[in-house]
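Please look over the structure shown below before reading on.

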Amino acid sequence: ATTTLVSFESTLLADMATVRVSPISAASALVAFTFVPDTTQPTVDTFDLDMSRGEIRVRFSETVTTTVNASQFRLFVPGASSESLQLTSVVVSRSTMDTLVLTLSERDLNLLKQLQTLAVDNTTRLQVFAGAFFDTSGNPNTDIPIGSALVVGNFTGDSVNPSLRSFDLSIESSTLILSFSETIDVASFQPSSVTLSTLQVAESGSGDSALGTFF
């Protein structure tokens with residue numbers, strides 16, 4: 001309490017006779033007579049999910065710190081499928097004073113994309129357990145039980161094209177392993193769309209030239 005002080009200029013206010021208030025300089029600042037600390041636990045008000053960016057945008061009841069326990073966040077969809085994912089790791093950034101952006105780890109995002117009914121539309125819900133985050137006074141959040149889970153506000157589906165990162169070929173075992181940038185629907189794979197080629201380098205007077213032989 002003794003660290004909270006107040007000072008102000010004469011322009012602060014005036015009495016009914018328009019006489020300006022006596023100023024208090026920073027050197028003579030007054031100490032708070034009483035101080036009541038913040039003991040109110042923060043809550044999650046709303047959340048948005050963007051599957052293209054792999055982000056959850058969470059709006060809180062007050063300013064919170066960027067220290068977040070990802071494992072205390074659980075996405076799920078109600079109903080017969082009951083698919084769910086408890087997060088393991090996120091990168092946190094601040095959007096506004098009361099809003100954080102949680103960027104999902106590649107592992108969590110790929111696991112989420114494997115599921116058939118979760119994170120595909122606005123039926124996605126968010127459950128938050130106690131201790132997921134803290135306000136600037138150190139108060140932990142209140143628990144959101146499954147029955148009170150939040151429904152996603154704005155949902156953005158995945159519209160990013162997957163890309164091939166690398167491949168391994170074993171002639172001995174007749175195996176071709178393709179590694180992509182995200183989870184792939186195996187049923188959509190069309191083997192006839194793949195072309196393998198050899199690359200030969202021939203020397204010439206003007207330098208090296210590449211010759212491709214396809215099969």
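A salt bridge here is a side-chain nitrogen of Lys or Arg within 4 Å of a carboxyl oxygen of Asp or Glu. The structure, which is a predicted model, holds seven salt bridges.

**Salt bridges**

- The side chains of Arg59 and Asp45 meet in a salt bridge, with 3.6 Å from N to O, and this pair links distant parts of the chain, since Arg59 belongs to strand β4 and Asp45 to strand β3, 14 residues apart.
- Arg59 also meets the side chain of Asp98 in a salt bridge of 3.5 Å, N to O; Asp98 lies in the loop between β7 and β8 and Arg59 in strand β4, so this pair ties together parts that are 39 residues apart in sequence.
- Asp45, Arg59 and Asp98 are thus linked in a network of salt bridges, in which Arg59 counts as partly exposed at 39% relative accessibility and Asp45 is partly exposed at 32%.
- Another salt bridge joins the side chains of Asp108 and Arg107, at 3.2 Å from N to O, and Asp108 is buried, with a relative accessible area of 0%.

**Strands and their pairing**

- Four strands form an open sheet in the order β6-β5-β9-β10, with antiparallel pairing, and its edge strands are β6 (84-86) and β10 (150-151), each of which pairs on one side only.
- Within this sheet, β9 (residues 125-128) pairs with β10 in the antiparallel sense over two bridges, and Arg125 has Val151 in β10 as its bridge partner.
- Strands β7 (residues 90-96) and β8 (residues 99-104) pair in the antiparallel sense over six bridges, and they form a hairpin with two residues between them.

**The interior**

- The largest nonpolar core has 30 residues, and those with the most contacts inside it are Ile56 and Phe73; β3 (44-50), β4 (55-60), β5 (73-76), β8, α1 and β9 each supply at least two residues of this core.
- In soluble globular proteins, nonpolar side chains tend to be buried together.
- In helix α1, the residues Asp108, Leu109, Asn110 and Leu112 are buried, and what covers the buried residues of this helix includes β5, β6 and β8.
- Why does Asn110 count as buried? Its relative accessible area is 19%, and buried means under 20%.
- Asn110 is found in helix α1 (residues 106-114), and, not counting residues up to four places away in sequence, Asn110 touches Ser181, Glu182 and Thr183.

**The surface and the loops**

- A nonpolar patch on the surface has about 790 Å² of accessible area together, and its residues include Leu164, Phe167, Ile171, Phe180 and Val194.
- The elements that give two or more residues to the nonpolar patch are β12 (164-170) and β13 (175-180), and β12 gives the most, with three residues.
- Ile171, one of the residues in the patch, is found in the loop between β12 and β13 and is exposed, with a relative accessible area of 68%.
- Asp15 has its place in the loop between β1 (5-6) and β2 (30-31), and Asp15 is partly exposed, with a relative accessible area of 42%.
- Asp15 and Ala27 are twelve residues apart in sequence, and they are 24 Å apart in space, C-alpha to C-alpha.

Methods: Residues are numbered from 1 along each chain as its sequence is written. This is a predicted model: local features need pLDDT of at least 70, side-chain atom pairs count only at pLDDT 80 or more; totals for chains, interfaces and linings use all residues. Side-chain values use heavy atoms; hydrogens and water are left out. Two strands pair if DSSP finds at least two bridges between them. Buried means under 20% relative accessible area, exposed over 50%, partly exposed in between (1.4 Å probe, protein chains only). Contact means heavy atoms within 4.5 Å. A nonpolar core is a set of buried Ala, Val, Leu, Ile, Met, Phe, Trp, Tyr and Cys residues joined through side-chain atoms within 4.5 Å. Patches are made of residues with over 30% relative accessible area and no salt bridge: like charges are joined within 9 Å, nonpolar side chains (Val, Leu, Ile, Met, Phe, Trp, Tyr) within 5 Å. Accessible areas come from the Shrake-Rupley method with a 1.4 Å probe; for residues, only the protein chains shown count as cover.
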